[in-house]
Amino acid sequence: METGRSIETEKISLTSFLNFSEMTDNKNFDVIIVGGSYAGLSAAMALGRALRSVLIIDSDQPCNRKTPHSHNFITQDGEKPKVIAERAKKEVLQYDTVNFLSDSTVSVSKTEKGFEVSTQSGKLFTTKKLVFATGLKDTMLNIEGFAECWGITVLHCPYCHGYEVKDQKTGIFANGYGAFHMARLIHNWTKDLTIFTNGKSELTQEQTDEIKRHDISIVEKKITSLNHKNGVVEEIIFSDNSTFPLEVIYSRPPFEQHCKIPELLGCELTEQGLIQVDLFQKTTVDNIYACGDNTNPLRSVSYAVSTGNNTGVFINNAMVEEDFLK
């Protein structure tokens, strides 16, 4: 939930969105959103339209910052992720109760009325409700060239990128059931498919037979590096110095929460390491919500926008009810 590009005709730096004035603006907000990418901005728009005072704090480290194009998001299909984010910031900040601060959140503490939020630059804010839209951080495999190709020709999701690389010579970096699952899925986009287990295969005999029945090869050699040009993979290099030509690779490396603060506040994680939320995007800690990639394995821009919007609506509904009970 997760990764640059520049535009000449519509280039707007993050600092141009910094409409928070330390000297004049209130330091108390209805809602503080930690993370200002798609989910956080979407939540902020819903809250701004509900007349809530909102502060977005963002460090500009989205997980898809290396990805050249975003797909499966209607009206924005094929657009650069950074362009989508910049347009979103411009639209969100048209609502005068929404503020954007380019900074990093370093700590959050509970108070009688909500939370106190500290930033890396030394700023201090208070809020009634807190949203974590902080995404996930992928752990790159210990293969030379892997990180350089990540998001360009080493991909995590065929729904996001499969159409653009359909029918190409494709590899899967996985083992065991993960390899079996990915082979079945990606076989829909290309039949020129090879599984690389990077060591002894952990596939069951039944899985192996099924994979080979579909003419998918399994290579168990140890991988040392990827030969590439500017992130465009050309071949795999194995520990025995042999090579295998490829045009695209699918891999789902381990991930962790990009921000550890929710855990420190007591928010429970799922077995997958995602922030546990209910149907209203509430975490297991009162008045803390989460949305986007950090809550669900369906990592896409459209999903992040959807959960962000829902979060903003749910928070406003909760605050309306609380106001009526006063």
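Tutor: Gladly; what follows is a set of questions about a predicted model, each answered by setting a value against a cut-off.

Student: Let's start with helix H1. What makes H1 largely enclosed by the rest of the structure?

Tutor: Buried means under 20% relative accessible area. By that test 10 of the 12 residues of H1 are buried, so the helix is largely enclosed. They are Tyr38, Ala39, Gly40, Leu41, Ser42, Ala43, Ala44, Ala46, Leu47 and Gly48.

Student: Which elements do those buried residues of H1 pack against?

Tutor: Their partners are the strands E1 (28-34), E2 (54-58) and E3 (98-102), together with helices H2 and H8 (301-324).

Student: How do you know that the length of H1 is close to the expected one?

Tutor: The distance from the first C-alpha of H1 to its last is 17 Å, and 16 Å is expected for its 12 residues at 1.5 Å a residue. The two values are close.

Student: Why are H1 and H2 called roughly parallel?

Tutor: H1 (residues 38-49) packs against H2 (residues 81-92) at about 20 degrees, and their axes are 10 Å apart. Angles under 35 degrees count as roughly parallel, and therefore H1 and H2 get that label. The crossing of H1 past H2 is left-handed.

Student: Which residues make that contact between H1 and H2?

Tutor: H1 contributes Tyr38, Leu41, Ala44 and Met45, while H2 brings Pro81, Lys82, Ile84, Ala85, Ala88, Lys89, Glu91 and Val92. Sorted by class, the contact of H1 with H2 holds nine nonpolar, no polar and three charged residues.

Student: What is the handedness of the crossing where H1 passes H8?

Tutor: H1 passes H8 in a right-handed crossing. Their axes come within 7 Å and cross at roughly 35 degrees.

Student: Which residues of H1 and H8 meet there?

Tutor: From H1 there are Tyr38, Ala39, Ser42, Ala43, Ala46 and Leu47; from H8 there are Val301, Ala304, Val305, Gly308, Asn309, Gly312, Val313, Ile315 and Asn316. This contact of H1 with H8 divides into 10 nonpolar, five polar and no charged residues.

Student: Let's move on to H5 and H6. How do you know that H5 and H6 are roughly parallel?

Tutor: The angle between H5 and H6 is about 25 degrees, with axes 11 Å apart. The cut-off is again under 35 degrees, so H5 and H6 are roughly parallel. H5 passes H6 in a left-handed crossing. On the H5 side Gly176, Tyr177 and Phe180 meet Gln207, Glu210 and Ile211 of H6. By class, that contact of H5 with H6 has three nonpolar, two polar and one charged residues.

Student: What do the buried residues of H5 pack against?

Tutor: Helix H4 (158-161), strands E9 (170-173), E10 (193-196) and E15 (248-251), and H6. The buried residues of H5 (residues 176-186) are Gly176, Ala179, Phe180, Met182, Ala183, Leu185 and Ile186.

Student: Why does Thr208 count as buried?

Tutor: Buried requires under 20%, and Thr208 has 12% relative accessibility, so Thr208 counts as buried. Thr208 lies in H6 (residues 205-213). Beyond its neighbours within four places in sequence, Thr208 contacts Leu203 and Ile218.

Student: And what about Thr170: buried or exposed?

Tutor: Thr170 has 1% relative accessibility, which is under the 20% limit, so Thr170 is buried. Thr170 lies in strand E9. Leaving out residues up to four places away in sequence, Thr170 touches Ile186, Thr190, Asp192, Leu193, Thr194, Leu246, Val248 and Tyr250.

Student: Why is Leu51 called exposed?

Tutor: Exposed means over 50%. Leu51 has a relative accessible area of 70%, so Leu51 is exposed.

Student: Where does Asp167 lie, and how do you know that Asp167 is exposed?

Tutor: Asp167 is in the loop between H4 and E9. Its relative accessibility is 61%, over the 50% cut-off, so Asp167 counts as exposed. Asp167 also has a positive phi, near 65 degrees, in a residue other than glycine.

Note on methods. Residues are numbered from 1 along each chain as its sequence is written. This is a predicted model: local features need pLDDT of at least 70, side-chain atom pairs count only at pLDDT 80 or more; totals for chains, interfaces and linings use all residues. Side-chain values use heavy atoms; hydrogens and water are left out. Helices (H or I, at least four residues) and strands (E, at least two) are DSSP runs, numbered from the N terminus. Buried means under 20% relative accessible area, exposed over 50%, partly exposed in between (1.4 Å probe, protein chains only). Contact means heavy atoms within 4.5 Å. Axes are lines fitted to C-alpha atoms, for helices over the stretch in contact, and angles run from 0 to 180 degrees between N-to-C directions. Angles under 35 degrees count as roughly parallel, over 145 as roughly antiparallel, 65 to 115 as roughly perpendicular and the rest as oblique. A crossing is left-handed if the near helix is turned anticlockwise from the far one by less than a right angle, and right-handed if clockwise. Ala, Val, Leu, Ile, Met, Phe, Trp, Tyr, Cys and Pro count as nonpolar, Asp, Glu, Lys and Arg as charged, and the others, Gly among them, as polar. The expected span of a helix is 1.5 Å times one less than its number of residues.
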